[in-house]
Amino acid sequence: MDLSLHVSLAPSVCIVALLSFLQHREKRYSFEERFPHLQGRFGIVVPLDFLGSMSNRWSYGFAFGAVTPSVLLLFSESYTPFPVPPWAKPFVYLVGALEVGVAYLPFFVCLTTPHGILRGVLGLLYTVAWLTARLFDIVTCPKGDLLGDYQKVITQWPCILCLGFLVGRFLTMVVKDVRIHLKFQTKQQVEEEKLFQSNQYKYVQTLLGRPPEQAVEKSWFRRKVYDWDPYFKFPNRMIGTAVISFIGLYAMTLADYSLSGFIFRNLLAAIDSLEDLVKNSNNTENLFISLLPYISEFSHVAWHSWFATTMFTSLTSVTYLFHVLACYRKHMKRLWAGKKNFLPERYYKLSSAASVASITRYSGWQIAFTLWGYLIVHYVQFLIVLLFVYLVVLPIQKGGFLPWFSALATLLLTIFIVIALLVVQVVMVRIFFLQDKISPEDKDKPLALNNRRAFNSFNYLFFFYNVIMGLSTCILRLLNSFVVGTWLVPRIDRTIMQRGYEALDPGYCMWVGMIIADHHHSNPVLVCFCHLLLKHTVQRLGAVNTYATFDNAEFPAFSRVRTRWLLLYTLLRNPKLILLRKRHHNHNLHSDQDPLTIARVITTSSQLEKNQQIQQRDDDVPTTPRGSPLKHP
């Protein structure tokens, strides 16, 4: 692993320790009383909210993009400082992953922590240091063995772009915090703007509002390609995973292109040299020498086929990434609407631990599935193109179009007859062995048999033919499952197993658990309800405490009188509390009177006073001459 990664560990730990010192903990421990200045200090600094955070999404995405070069190095063993036994390799991978996580932790911590100008300044300095190190590496040694003089520029420009974006982002954060510090804008205003401009708030507004009378006319792109939703935003986890996957695909495509070109060029050069040796020698009876023309032809065909499928495989993988994002949005909106019929029945009540663990596994698994899926899909497409070249292109070049077309026509005629016989069975059943339509408006006949004897005879006659057809259909089914299964390896949102065996597909199980956990933690209706509940609770508490705050600020004496009145009222209602007061307890130490007697006297006096007030209230009521209370009409 590069030297800059090891060197960055020390400043990274210092930045995280400083931000952790400023972070206060809610829970205090007894041993902290010995250190008054450190009480509640060194709280946990969260690098990224993987569940419900929708702010700084693209900032986190570009931060993940800056991490991508080091993440790709984890797939190799170049960071291993010394050879280790096979059983210790998992620990080496763990240490390498932890090193990468600690080295790039300030990028995420400085975006998350709320510590004003300090987070922007520290993030800016750390990002500029990494950007300088990357540029210095490119300038000092730009050449490479595979891509030539500009190999470092070609491979490192996405990382440079991400670091440049982070520099601009941290500068913006510094300016915004300075404005808040100078009281041009308060934090409360910023939070309210974020809430009322959030997609979740607008989504709930659309649910509560009336549907439009006329449907909005959509463009061709929105109808055929992608229909965006202004009230839906992808979480930080999805954005960061997509960015790393795109950059990883770019690096994988470059490595594939350069390495395969290097191998095929050397292979063709070796074959050409062998052919020259054969021409200069008189030994032409060797079997290997007779196979050299076929080897040379296969090498040229394989080279062109591999390069033809490289770009197509890259486009397929990129399309898969966009499709996974679209499926995530579609599945989440279905869950918000209460529709779970697209999930297997056994996953309706997935365990909470499995769902939350799926969130932690998603990003790593999606990146690995994308990169490994690129290689697998590339090999499958390469085999398909090879078959196409040897079955179509080369026969036409060597024998002409008409002989090839005659052989193809014979094959197509056989396939057409087989399909026609299958269609004939369906047509005959529809015409002769089904009852008539119940209503003329029905599209199809009812599922009711007619002419049972003739149907049994028809079924017997086609029984032996269908046995032969079943064999070919079985082979076709196996080939289809193989091609589709390997083609859909990068697609985590869709299972490659049959119905009822989805549990054997760990990628799909992880996907289902993740969307269920996201549904429970980021449902817009629930989130907006909690926001409004907290907001009204704070307002109600503020309204209750406004009078007391005003008294404390303007009239300190009145606040003291009010406190004493509340104390007197409490003691009158609860006389036994007098015995628990410290002043009364100290007075009783030097007195011969019984405390319980004093409490009874106070209770009796308060009761007598209450009875006198009731009697006085009754005496004030006017009476009639007969002494009865006056009845109002």
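**Notes on salt bridges and buried spots**

1. Let me start with Asp 493: its relative accessibility is 5%, so it counts as buried (under 20% relative accessible area; exposed is over 50%, partly exposed is in between, with a 1.4 Å probe and protein chains only). Its salt-bridge partner is Arg 491, at 2.9 Å from N to O. A salt bridge here is a side-chain nitrogen of Lys or Arg within 4 Å of a carboxyl oxygen of Asp or Glu. Arg 491 has 9% relative accessibility, so this residue is buried as well.

2. Before going on, a word on provenance: this is a predicted model, where local features need pLDDT of at least 70 and side-chain atom pairs count only at pLDDT 80 or more, while totals for chains, interfaces and linings use all residues. Residues are numbered from 1 along each chain as its sequence is written, and side-chain values use heavy atoms, with hydrogens and water left out.

3. How many salt bridges turn up in a search of the whole structure? The search gives three.

4. Helices are DSSP runs (H or I, at least four residues), numbered from the N terminus. Both Arg 237 and Asp 518 are buried.

5. Then there's Glu 297 with Lys 398, whose closest N and O atoms are 3.2 Å apart. Glu 297 belongs to helix H12 (residues 287–336) and Lys 398 to helix H13 (residues 352–399), so this pair links parts that lie 101 residues apart in sequence. Glu 297 is partly exposed, at 22% relative accessible area, whereas Lys 398 is exposed at 61%.

6. Staying in helix H13, have a look at Thr 370. Its relative accessibility is 3%, so Thr 370 is buried. Which residues does Thr 370 contact, neighbours within four places in sequence aside? They are Ser 245, Leu 249, Leu 321 and Pro 490, where contact means heavy atoms within 4.5 Å.

7. Last stop, helix H5 (residues 105–112), which is mostly covered, with six of its eight residues buried. Those buried residues are Pro 106, Phe 107, Phe 108, Val 109, Cys 110 and Leu 111. What covers them includes helices H2 (9–22), H3 (57–73), H4 (89–103), H6 (116–140) and H7 (151–181).

Definitions and conventions. Helix = DSSP H or I, 4+ residues; strand = E, 2+ residues; numbered from the N terminus.
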